[in-house]
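Subject: Structure handover

Hello,

Here is the structure for you to look through. My notes on it follow below.

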Amino acid sequence: MYCRNCGKQLDDQASVCTNCGVATSNHVQHKSETNTIAIIGFILSFFISIAGLICSIVGYRNAKYEDKDGKGMALAGIIISSIKLAGEVLLFILYASLIIAAIVS
(Lines give C-alpha, C1' and ligand atoms only; values in the text may rest on other atoms or scores of the structure.)
Protein backbone atom coordinates (compact mmCIF):
# COMPACT_ATOMS: atom_id res chain seq x y z
CA MET A 1 0.00 0.00 0.00
CA TYR A 2 1.17 3.54 -0.76
CA CYS A 3 0.36 6.78 1.05
CA ARG A 4 -2.21 8.82 -0.85
CA ASN A 5 -0.53 12.04 0.32
CA CYS A 6 3.23 11.53 -0.08
CA GLY A 7 3.42 8.28 -2.07
CA LYS A 8 5.69 6.46 0.38
CA GLN A 9 5.28 2.68 0.56
CA LEU A 10 3.55 1.55 3.77
CA ASP A 11 2.80 -1.67 5.56
CA ASP A 12 -0.62 -3.03 4.54
CA GLN A 13 -1.81 -2.83 8.18
CA ALA A 14 -0.66 0.78 8.78
CA SER A 15 -3.33 3.19 9.95
CA VAL A 16 -1.22 6.34 9.41
CA CYS A 17 1.71 7.18 7.17
CA THR A 18 5.02 7.09 9.05
CA ASN A 19 6.40 9.77 6.73
CA CYS A 20 3.70 12.45 6.67
CA GLY A 21 1.20 11.31 9.32
CA VAL A 22 -1.88 11.23 7.06
CA ALA A 23 -4.49 8.61 7.96
CA THR A 24 -4.79 5.63 5.63
CA SER A 25 -7.91 3.72 4.68
CA ASN A 26 -7.17 1.39 7.64
CA HIS A 27 -7.49 4.24 10.13
CA VAL A 28 -10.44 3.86 12.50
CA GLN A 29 -11.27 7.03 14.39
CA HIS A 30 -12.14 6.54 18.05
CA LYS A 31 -15.55 7.94 18.88
CA SER A 32 -15.79 9.43 22.35
CA GLU A 33 -18.70 8.65 24.60
CA THR A 34 -21.22 11.31 25.51
CA ASN A 35 -20.65 12.77 28.96
CA THR A 36 -24.21 12.85 30.27
CA ILE A 37 -23.21 14.05 33.74
CA ALA A 38 -21.54 17.13 32.22
CA ILE A 39 -24.76 17.99 30.39
CA ILE A 40 -26.81 17.49 33.57
CA GLY A 41 -24.35 19.63 35.55
CA PHE A 42 -24.52 22.42 32.99
CA ILE A 43 -28.33 22.45 33.06
CA LEU A 44 -28.53 22.23 36.86
CA SER A 45 -26.07 25.11 37.23
CA PHE A 46 -28.87 27.49 36.18
CA PHE A 47 -31.42 26.15 38.66
CA ILE A 48 -29.75 24.42 41.63
CA SER A 49 -26.23 25.81 42.02
CA ILE A 50 -24.73 23.28 44.41
CA ALA A 51 -26.09 20.28 42.47
CA GLY A 52 -24.88 21.85 39.21
CA LEU A 53 -21.45 22.43 40.69
CA ILE A 54 -21.11 18.86 41.93
CA CYS A 55 -22.35 17.31 38.67
CA SER A 56 -20.13 19.61 36.60
CA ILE A 57 -17.04 18.71 38.63
CA VAL A 58 -17.79 15.00 38.20
CA GLY A 59 -18.46 15.56 34.49
CA TYR A 60 -15.18 17.44 34.09
CA ARG A 61 -13.32 14.62 35.78
CA ASN A 62 -15.01 12.07 33.51
CA ALA A 63 -14.10 14.10 30.43
CA LYS A 64 -10.50 14.42 31.54
CA TYR A 65 -9.73 10.89 32.73
CA GLU A 66 -12.23 8.65 30.92
CA ASP A 67 -11.95 10.09 27.39
CA LYS A 68 -15.47 11.44 27.16
CA ASP A 69 -16.81 14.54 25.41
CA GLY A 70 -18.17 17.51 27.33
CA LYS A 71 -15.11 19.01 28.99
CA GLY A 72 -16.07 22.51 27.86
CA MET A 73 -19.67 22.12 28.95
CA ALA A 74 -18.59 20.81 32.34
CA LEU A 75 -16.18 23.72 32.77
CA ALA A 76 -18.96 26.18 31.87
CA GLY A 77 -21.20 24.48 34.44
CA ILE A 78 -18.49 24.85 37.09
CA ILE A 79 -18.05 28.55 36.34
CA ILE A 80 -21.79 29.33 36.20
CA SER A 81 -22.52 27.34 39.37
CA SER A 82 -19.64 28.98 41.25
CA ILE A 83 -20.71 32.50 40.32
CA LYS A 84 -24.35 31.79 41.11
CA LEU A 85 -23.47 30.11 44.41
CA ALA A 86 -21.28 33.06 45.43
CA GLY A 87 -24.15 35.43 44.67
CA GLU A 88 -26.55 33.32 46.73
CA VAL A 89 -24.15 33.34 49.69
CA LEU A 90 -23.78 37.13 49.45
CA LEU A 91 -27.56 37.56 49.34
CA PHE A 92 -27.93 35.32 52.38
CA ILE A 93 -25.38 37.39 54.30
CA LEU A 94 -27.14 40.61 53.25
CA TYR A 95 -30.57 39.33 54.32
CA ALA A 96 -29.21 37.98 57.58
CA SER A 97 -27.53 41.30 58.42
CA LEU A 98 -30.75 43.20 57.58
CA ILE A 99 -32.79 40.91 59.83
CA ILE A 100 -30.26 41.27 62.67
CA ALA A 101 -30.23 45.06 62.23
CA ALA A 102 -34.07 45.14 62.33
CA ILE A 103 -34.14 43.01 65.49
CA VAL A 104 -31.51 45.15 67.24
CA SER A 105 -33.27 48.44 66.43
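Among contacts in the chain between residues at least 6 apart in sequence, what percentage join residues at least 24 apart? The figure is 39%. Please keep in mind that this is a predicted model, and every value in this message is computed from it.

Overall layout

The chain has 3 helices and 0 strands, and its elements run α-α-α from the N terminus on. Its radius of gyration is 25 Å, whereas the globule rule gives 13 Å for 105 residues; the chain is therefore more spread out than a compact globule. The C-alpha trace spans about 90 × 20 × 15 Å along the principal axes. Of the 105 residues, 20% are buried. The accessible surface of the chain is about 7500 Å², and carbon and sulfur atoms account for 65% of that surface.

Helix α2

Helix α2 covers residues 49-65, which is 17 residues. From its first C-alpha to its last it reaches 24 Å, close to the 24 Å expected at 1.5 Å a residue.

Which residues of α2 are buried? They are S49, G52, L53, C55, S56, G59, N62 and A63. Just after α2 comes D67, which takes a positive phi of about 55 degrees.

The aromatic pair

The structure holds 1 aromatic pair. It is formed by F42 and F46, whose ring centres are 5.3 Å apart; their planes stand at 90 degrees, so the pair is edge-to-face. An angle over 60 degrees is what counts as edge-to-face.

Where do the two residues sit relative to each other in helix α1? F42 and F46 are 4 residues apart there, and about one helical turn separates them. In general, an α-helix has 3.6 residues a turn, so residues three or four places apart point the same way.

Buried would need a value under 20%.

Regards

Conventions:
Residues numbered from 1 in each chain as written. Predicted model: local features only at pLDDT ≥ 70, side-chain atom pairs only at ≥ 80, totals over all residues. Heavy atoms only, no water. Expected span 1.5 Å × (residues − 1). Buried < 20%, exposed > 50% of the residue type's maximum accessible area, 1.4 Å probe, protein only. Phe/Tyr/Trp six-rings, centres within 6.5 Å; stacked < 30°, edge-to-face > 60°. Rg over C-alpha atoms; globule rule 2.2 N^0.38 Å. Contact = heavy atoms within 4.5 Å. Areas by Shrake-Rupley, 256 points an atom, 1.4 Å probe, with all protein chains shown as cover.
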